[in-house]
Amino acid sequence: MATHKLFIAGSGGQGILLMGQILTYGAMHEDLEASFLPSYGPEMRGGTANCTVVVSDKPISCPLIYEADALVAMNLPSMLRFEPLLKRGGKLFLNTTLIEERPKRSDIEVIDVAANQIAMELGNAKAANIVMLGALIRETGVLQPKSIEYVLENKVFHGKKASLLPLNLQAFHAWQR
Amino acid sequence: MTEKVLMKGNEAFAEAAIRGGCRFYFGYPITPQSEIPEYMSRELAKRGGTFVQAESELAAVNMAYGCAAAGGNVFISSSSPGIALMQEGMSFLCSAEVPVVVLNVSRGGPGVGGIQPGQADYFQATRGGGNGDYHIPVFAPLGIQEAVDLIYEAPQIADRYRNPVMVLVDGMMGQMMEPLRLPEARPFVATEEIAAYKPWSLTGKAAKGGKRRVVKSLLLKPEQLEEHVEQLFEKYALAEKELVRFETIGLEKADVVFVAFGTISRLVAESIELLAAEGIRAGMIRPISLWPFPYAAFEQIDYTTTKAVISAELSMGQMIGDVKMGVNGRLPVQLIHRTGGIVPTSLEIVEKTKAILQGVK
């Protein structure tokens, strides 16, 4: 596999950093190298949140990226701000429930994911990030879906949160092209 | 070998300190390293150690001084302005020959500055903000694993030299997560074992008629003070032989050589690959010990092919003076830098390098 550079952006409270951590754990589960770099600062609920995840089969020299292979925009400000970061031919995952505008660039592949709407139909809008994660995994093939299922079960929705696992597994598989 | 785990840098640093045998932690929260005192407050007592939240960094370093003088293995941490407050203590610890491990998770300055990563504490770390003739060994890892390994090793170096040892990382390393392997835990030195382990320490158990143990930094007679400082510098001369650490990449037949430590060295490593794709051979000297600085590494530069040496820094250029001493006039030394918490992209480094090479042709 090549090195995959992923950038995930949205607002605080949307589970942006959790998505990045799940991907990183998933990479570890497949014995791949990974790095997770969150934005940090005087962050708050409703403010901006983003993270960079690099996954590779060789040691990662640089956890910072100058271009992304895939970009997840969970809200409009994220799309407007980070669209230029995507490389030519890169994949832009748009949360179309919250983003009505279309991206300006025509040299990228846009994948529409009505993440909040799908999650709400499943019964919990908070699972929008997991819906999006499902789309990201399916369309990029960066990791195997069963690795993410393993992480959801063993690292995220376990112990007191175990009751949330079935809904989130459903959310993970909910998006269809 | 232990299993790979995924941890936030700061938590991994704290865990590495505990596993390295640091039984006492004194600290005060400051971004971007507050997860360290948080982790210590949660974990240290469970493992038989002691956590104290001090009222300030000045108090923390002096608690460390007192505890370590009594033979305790102490780890302290802070971020740039907090480390500035600890500088008086660093000088006292050096003079009194008391080992303590210090971690700086640095941020942008001067002043309170910002909370994004920076390397503008190079002077503070290597030249010191404390008074008098002293040195502190300073190690600057490039990522979480190397930081963990150095924090784990640091107490042994501190004990061997009876001197503080600093590990210098930055806010980015503190906040990011990378899979890593933690070293096996060394057991804490029990209180009753301290006298045998550190015979100089103030355990209050000197044999009857034995020599009084004194830990102090006040020597009023100039002859005594001069002799004391000269003895310290015999240790520092040994440290300059034993503790120099660096890594080199692709110096052979290089067109240009970068010198970079910590976070920016990872960007430079990627820039080197990007430059290679354009037919430019770039190499790197990566200092791991900032004091003692690896001047000897500069003898490995190929002065027949290399046209320039570039000091790449997240500051206005602080290490560049040491780089110039290493190069010793043999080549022009240029600076590529960002500061204030901005980290350049590897592409930005590539563009600036090409501009520099145009200028020296």
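**View 1. Contact between chain B and chain A in the predicted model.** Chain A brings 16 residues to this contact, and chain B brings 18 residues. On the side of chain B that touches chain A, the elements giving two or more residues are β1 (4–8), α8 (171–175), β8 (177–181), α11 (262–277) and α13 (346–360). α11(B) supplies the largest share, 4 residues. By class, this side of chain B holds 11 nonpolar, 3 polar and 4 charged residues.

**View 2. Fold of chain B.** Chain B has 13 helices and 14 strands. Its radius of gyration is 21 Å, close to the 21 Å given by the globule rule for 361 residues, so chain B is as compact as a globular protein of that length. Along the principal axes, the C-alpha atoms of chain B fill a box of roughly 75 × 50 × 40 Å. Of the 361 residues in chain B, 52% are buried. Of the contacts in chain B between residues at least 6 apart in sequence, 79% link residues at least 24 apart.

**View 3. Domain 1 and domain 2 of chain B.** The domain assignment places domain 1 at 4–193 and domain 2 at 247–360. The centres of the two domains, taken over C-alpha atoms, are separated by 28 Å.

**View 4. Contact between domain 1 and domain 2 of chain B.** Here 25 residues of domain 1 are in contact with 21 residues of domain 2. On the domain 1 side, two or more residues come from each of α6 (122–126), β6 (138–139), β7 (165–170) and α8 of chain B. α6(B) gives the most to that side, with 4 residues. The domain 1 side divides into 15 nonpolar, 8 polar and 2 charged residues.

Note on methods
Residues are numbered from 1 along each chain as its sequence is written. Chains are lettered from A and ligands numbered from 1 in the order in which they are written. This is a predicted model: local features need pLDDT of at least 70, side-chain atom pairs count only at pLDDT 80 or more; totals for chains, interfaces and linings use all residues. Two residues are in contact if their C-beta atoms, placed from the backbone, lie within 7 Å. Ala, Val, Leu, Ile, Met, Phe, Trp, Tyr, Cys and Pro count as nonpolar, Asp, Glu, Lys and Arg as charged, and the others, Gly among them, as polar. The radius of gyration is taken over C-alpha atoms; the globule rule is 2.2 Å times the number of residues to the power 0.38. A residue is buried if 20 or more other C-beta atoms lie within 10 Å of its own, exposed if 12 or fewer, and partly exposed in between; C-beta atoms are placed from the backbone. Domain bounds come from an automatic or database domain assignment.
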